[in-house]
Amino acid sequence: MQRLSAPCSKLAYTRYLANPILRNPNPCDIFINHRGIDTKKTISGLLYDRLTRLGLNSFLDSKNLKPGDKLFVEINAAIEECSAGIAVFSPRYCDSYFCLHELTMLMESKKRVIPIFCDVKPSELCVKDDRTRPAAEIRRFRLALEEAKYTVGLTFDTSNGDWSEFLAKASDAVTTNLLDVEEGRLQSINPTYKHISA
């Protein structure tokens, strides 16, 4: 827990500097892109709970969507609003149109994305063309996946990994990346803004 306090407190202070009137100016801090059938009850769900306890607004479809919501409208809005994304790659991730659509939106909108390779190696991930989607869309999916695969991320083996240690590392990575995004936003607004040292 000691490791998390510094990045979280720096993030809160940076947000206060950005807008001291609003308690939380970001409706969605982090968008969790995942294959629900593979990781909703494990890594994705646990990470959502941990980030929520840290005071971060995370988007996880099973937690944020309610009956009657328009799936693409809500998901696309959350991706537009988020400061960063987590892509939880699992063995069947690329079988899901929704996963690839969300990843492509995150990458094309230039969001900071933290890849988590859960029980899968980056080299094992590929977009298959089953001829049910337009070629241009398949190309976009492949470009987004390649970009994510060549982004530094975290790996986890669910059969023998240390869950507590992994969740701490992932939380640290999220808060550090959110802090970088917030500080970059502040510097673009005010070029005289100085980086907050730990």
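**Reading helix α7**

Guide: Helix α7 has 15 residues and reaches 21 Å from its first C-alpha to its last, close to the 21 Å expected at 1.5 Å a residue. The expected span is 1.5 Å times one less than the number of residues in the helix. Helices (H or I, at least four residues) and strands (E, at least two) are DSSP runs, numbered from the N terminus. This is a predicted model, in which local features need pLDDT of at least 70 and side-chain atom pairs count only at pLDDT 80 or more, while totals for chains, interfaces and linings use all residues. Residues are numbered from 1 along each chain as its sequence is written, and side-chain values use heavy atoms, with hydrogens and water left out.

Visitor: Which residues of α7 are buried?

Guide: Buried means under 20% relative accessible area, exposed over 50%, and partly exposed in between (1.4 Å probe, protein chains only). In α7 the buried residues are E137, I138, F141, A144, L145, A148 and K149. They lie on the same side of α7, because they cover an arc of only 135° around the axis; the arc is that of the directions from the helix axis to the C-beta atoms. The face turned away from this buried side carries the exposed residues R139 and L143.

Visitor: What do the buried residues of α7 pack against?

Guide: They pack against β3 (84-89), α6 (97-108) and β4.

Visitor: How many residues does the largest nonpolar core have?

Guide: A nonpolar core is a set of buried Ala, Val, Leu, Ile, Met, Phe, Trp, Tyr and Cys residues joined through side-chain atoms within 4.5 Å. The largest one here has 27 residues, and those with the most contacts inside it are F31, F89, Y93, L103, L125 and L145. At least two residues of this core come from each of α5 (71-81), β3, α6, β4 and α7. The greatest contribution, six residues, is that of α6. A second, separate core of 22 residues includes L47, L51, L60 and A84.

Visitor: Which residues is F31 in contact with, leaving aside its neighbours within four places in sequence?

Guide: Contact means heavy atoms within 4.5 Å. On that basis, the partners of F31 are F59, I75, A78, I79, C82, A84, G85, I86, E102 and L106.

Visitor: How is a salt bridge to be read, and to what number does the count come?

Guide: Side chains of opposite charge can pair when their charged atoms come close. A salt bridge is a side-chain nitrogen of Lys or Arg within 4 Å of a carboxyl oxygen of Asp or Glu. By this rule the count comes to ten. One of them joins E146 to K149, with the closest N and O atoms 3.1 Å apart. Both residues lie in helix α7 (residues 135-149), three residues apart, about one turn of the helix. E146 is partly exposed at 34%, whereas K149 is buried at 15%.

Visitor: Which parts does the salt bridge between D180 and R112 tie together?

Guide: The closest N and O atoms of D180 and R112 are 3.3 Å apart. D180 lies in helix α8 (residues 163-189) and R112 in strand β4 (residues 112-118), so this pair ties together parts that are 68 residues apart in sequence.

Visitor: Where does K110 lie?

Guide: K110 lies in the loop between α6 and β4. Its phi is near 60°, a positive value in a residue other than glycine, and K110 is exposed, at 67% relative accessibility.
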